[in-house]
Amino acid sequence: MPQQFEPEILEAMKAAEGVPLPNSPYEVIPLLSSPIDLYSLAVLGTRLLLVNGQTTLAVAIDELLSLARQLAQDVQGGKAQIGDPLPERIGALFSADPRWMLSLGPQRLIEEEMDPGEALDLIPPALWFEVLAALVRALPGVGADSSCRDYGDAPSEAPQRVFHRLASDLAHLLVRTRSLIVIDWRYNREVHAVLRRYLTGVRRQG
């Protein structure tokens, strides 16, 4: 990081420029900033949403990182475009490989063992993929989808900006999930199915 020195110290350093200094101890300090806290929030989100009696936090974090790396590899390999919506790309991976649903499906929200298909009757898949997308973006340095390129990727004048995307994702998810509190999605789909059958019969008669 850029440093400022007193004039006399700066002159002494310039005078020593090019002079070999053998056996000089030194330490490389990595540039770290608020992206570390962003990663911590991703871990907390994983603990809250993806850990139950059938898995552990270490396994869940490893699976989430594997998902993020797979998404990055698909972009690098040309299988996907970075401009494609991240939730849709996650959904494509879930459809292509059942492993992801078993390890990162919405059944992880409850302590009791539940089949992933039953959990998807309660949680719309598109909404769940948006949840996972928010967690993937909060992992620094994993790929092009990460909000931060590395753990030092934060503006020095406003390090809190790294949280803006996660805050936006959470606000969007809060709006999307309000309906889950008052609506039975399975019952809602059954009603829609009945209405579709009825409307289909009316159109045929007409």
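Ser168 is partly exposed, with a relative accessible area of 44%; buried means under 20%, exposed over 50%, and partly exposed in between (1.4 Å probe, protein chains only). This residue of a predicted model belongs to helix H8 (residues 164–182), helices being DSSP runs (H or I) of at least four residues, numbered from the N terminus. Ser168 and Ala134 are separated by 34 residues in sequence and by 9.3 Å in space, C-alpha to C-alpha.

Residues are numbered from 1 along each chain as its sequence is written. Local features need pLDDT of at least 70, side-chain atom pairs count only at pLDDT 80 or more, totals for chains, interfaces and linings use all residues, and side-chain values use heavy atoms, with hydrogens and water left out.

The two residues with stated accessibility are listed below.

| Residue | Helix | Relative accessible area |
|---|---|---|
| Ile9 | H1 (residues 7–15) | 42% |
| Ser168 | H8 (residues 164–182) | 44% |

The axes of helix H2 (residues 35–49) and helix H3 (residues 57–76) come within 10 Å and cross at roughly 115°; axes are lines fitted to C-alpha atoms, for helices over the stretch in contact, with angles from 0 to 180 degrees between N-to-C directions. Tyr39, Val43, Thr46 and Arg47 of H2 make the contact (heavy atoms within 4.5 Å) with Leu57, Ala60, Ile61 and Leu64 of H3.

In helix H4 (residues 86–96), the buried residues are Leu86, Pro87, Arg89, Ile90, Gly91, Leu93 and Phe94. These buried residues of H4 pack against H3, helix H5 (98–104) and helix H7 (125–137).

Technical notes
Helices (H or I, at least four residues) and strands (E, at least two) are DSSP runs, numbered from the N terminus.
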